[in-house]
Amino acid sequence: MTAVPADRPTDQDIDPRPRLTRLVLTTTGLVVTRLLIIGVVLLAWELASGTLVPKFWVSSPSAIFARLVQWIADGSLWRHLEATLLAMGVGYVIGCLIGVATGLALGFMPFVQRILMPYLAGLYALPKIALAPLFIILFGIDIESKIALVAITVFFMLLYNTLDGVRDVDGDLVEALELMGATRREIGLKLLIPATLPWIFTGMRISVRYALTAAILGEVIGANRGIGYLIEASAGQYNTTGVYAGVLVLVICCVTLTELLTRAETSTRRGGP
Amino acid sequence: MPPRDAVMVADAPARDPRAAGVPKIELVGASKTFYVRGQEVTALQPVDLTVGDQEFVALVGPSGCGKSTTLNLVAGLLRPSRGEVLYDGVPVTALNRRVGYITQKDTLLPWRTAAANIGVALELQSRAVPRAEAQERVAQLIDLVGLRGFENHYPAELSGGMRKRVALARTLIYEPECLLMDEPFGALDAQLKLLMQDQLQQLVHQRRMTVLFVTHDLGEAIALADRVIVFSARPGRIRAVRDVALPRPRDVFKMRFTEGFGRLHEELWDELKDEVAKGVDV
């Protein structure tokens with residue numbers, strides 16, 4: 001290691017930012033600062049609640065925390081969380097499978113695709129949430145209607161991504177393989193599917209967040225279980241503490257999901273060719 | 001782009017074309033016009049062209065003169081607007097799968113390594129070979145095009161010239177009876193180009209292939225071909241045809257210093273230079 005001569009300024013010396021800024025920008029500094037901010041906000045909230053603003057509207061951090069502890073203790077949190085995640089997970093898998101399969105099938109059959117596209121485009125444009133009441137009639141108030149709502153949301157995202165992927169395949173590559181004597185099946189397996197895979201993965205990544213949104217919306221509109229139901233039921237009783245507690249659970253879910261996705265993305269990018 | 005329905009060109013013509021003396025490739029008054037934004041563009045004026053079995057014919061001409069269109073017609077990628085294109089005496093009405101087509105653009109599969117790209121044809125049902133044999137042939141071809149050490153590189157990691165050689169090897173590996181080549185060596189440096197010309201010449205001779213070879217390099221055309229056809233500037237038509245009566249096997253490295261080569265080059269250049277000038281004016 002070479003020692004820095006005393007008369008020469010080190011990087012730190014020539015950093016023009018004030019010392020406080022530099023302190024905050026270290027890893028520990030960032031964590032401490034963030035904790036401080038949330039602490040101040042929570043404290044202000046706690047103090048303002050019942051004094052500046054009626055408790056009825058804003059509840060209070062301590063009440064929300066107590067509610068969460070109560071939900072955890074009586075097991076209701078897990079019951080609701082399980083319902084939401086199950087609806088989201090099952091719907092997501094179904095939507096992905098059918099979406100990719102349909103996308104590839106239509107990609108292989110441009111003729112059929114041309115006939116069906118207007119219908120699909122119409123359904124795609126439709127905000128899926130409008131179908132939630134219909135799904136409740138068809139599949140009942142239980143988890144099945146939520147699965148259906150998630151599945152149809154994810155289905156369209158994957159369908160369109162897969163179709164875009166197939167459409168993006170260079171026609172010259174198709175011609176080259178055809179001239180080599182490839183059958184349609186071989187062109188599908190050796191060209192269209194590998195070329196479309198990145199598009200499919202992108203679709204799968206994006207639609208995770210939409211799946212969670214669809215599950216929650218479905219529960220808010222009509223359910224007997226789930227985080228969305230918990231929020232809606234609390235709101236129905238003017239129980240703001242319950243609403244805030246439910247929202248807090250959702251925030252934690254979203255942050256966890258986003259973090260997992262980011263990690264999965266970085267690891268696949270590193271592993272890719 | 002989705003696949004289109006493709007029908008094989010009839011595999012067994014009624015008569016043996018070689019015995020009957022039927023030319024391998026025949027264009028009879030074949031022309032091609034395109035419509036670009038409602039305007040008619042003539043890519044190729046009616047052309048009569050005959051390529052005999054195992055003949056090596058080179059097409060030279062300024063860019064945009066319809067050389068590539070001619071190859072596309074023979075490959076069955078385009079239909080002639082008028083006239084006829086025959087292969088072994090049979091009209092080409094669908095993709096012609098008996099030709100190997102090396103297009104100007106290298107159509108490699110980006111997710112496959114060089115070796116996997118070269119071997120792709122041998123994985124197809126119509127040309128399937130046992131795995132061990134396929135590997136051996138891929139290795140041979142890699143040597144042939146001088147890409148040893150780059151087998152496991154992806155196309156994006158190769159230079160333009162290397163990609164071109166992968167594309168070449170990918171076609172040569174299934175030994176088509178007829179090669180259509182569209183400026184295959186255009187992206188190569190001068191030395192490598194000579195090397196590849198030499199390899200190609202030997203290979204074509206060994207495997208008794210028929211070749212229709214498009215190039216803008218007159219020297220290359222003379223060095224390789226039995227016959228050189230000069231195209232005029234757009235709209236393309238045949239301006240001159242010269243037989244190359246130089247003996248085979250030829251030494252592509254030294255033959256350009258021989259007298260016969262020089263004379264032919266001068267003669268063909270006289271035909272070509274006006275057309276090139278025209279091409280530049282446009």
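Of the 273 residues of chain A, 31% count as buried (20 or more other C-beta atoms within 10 Å of the residue's own, with C-beta atoms placed from the backbone). The model is predicted, so local features need pLDDT of at least 70 and side-chain atom pairs pLDDT 80 or more, while totals for chains, interfaces and linings use all residues. Residues are numbered from 1 along each chain as its sequence is written, and chains are lettered from A in the order in which they are written.

Chain A has 13 helices and 0 strands (DSSP runs of H or I, at least four residues, and of E, at least two, numbered from the N terminus). Its radius of gyration, 26 Å, is well over the 19 Å of the globule rule for 273 residues, so chain A is more spread out than a compact globule. The radius is taken over C-alpha atoms; the rule is 2.2 Å times the number of residues to the power 0.38. The C-alpha trace of chain A spans about 75 × 70 × 30 Å along its principal axes.

Helices α6 (residues 76-108) and α9 (residues 143-168) of chain A cross at roughly 35 degrees, and their axes come within 6 Å. Axes are lines fitted to C-alpha atoms over the stretch in contact, with angles from 0 to 180 degrees between N-to-C directions.

In chain B, the domain assignment gives domain 1 (22-98 + 177-281) and domain 2 (107-176); such bounds come from an automatic or database assignment. The C-alpha centres of the two domains of chain B lie 25 Å apart. Their contact takes 12 residues from domain 1 and 8 residues from domain 2 (C-beta atoms, placed from the backbone, within 7 Å).

Technical notes. Contact = placed C-beta atoms within 7 Å. Buried ≥ 20, exposed ≤ 12 C-beta atoms within 10 Å, placed from the backbone.
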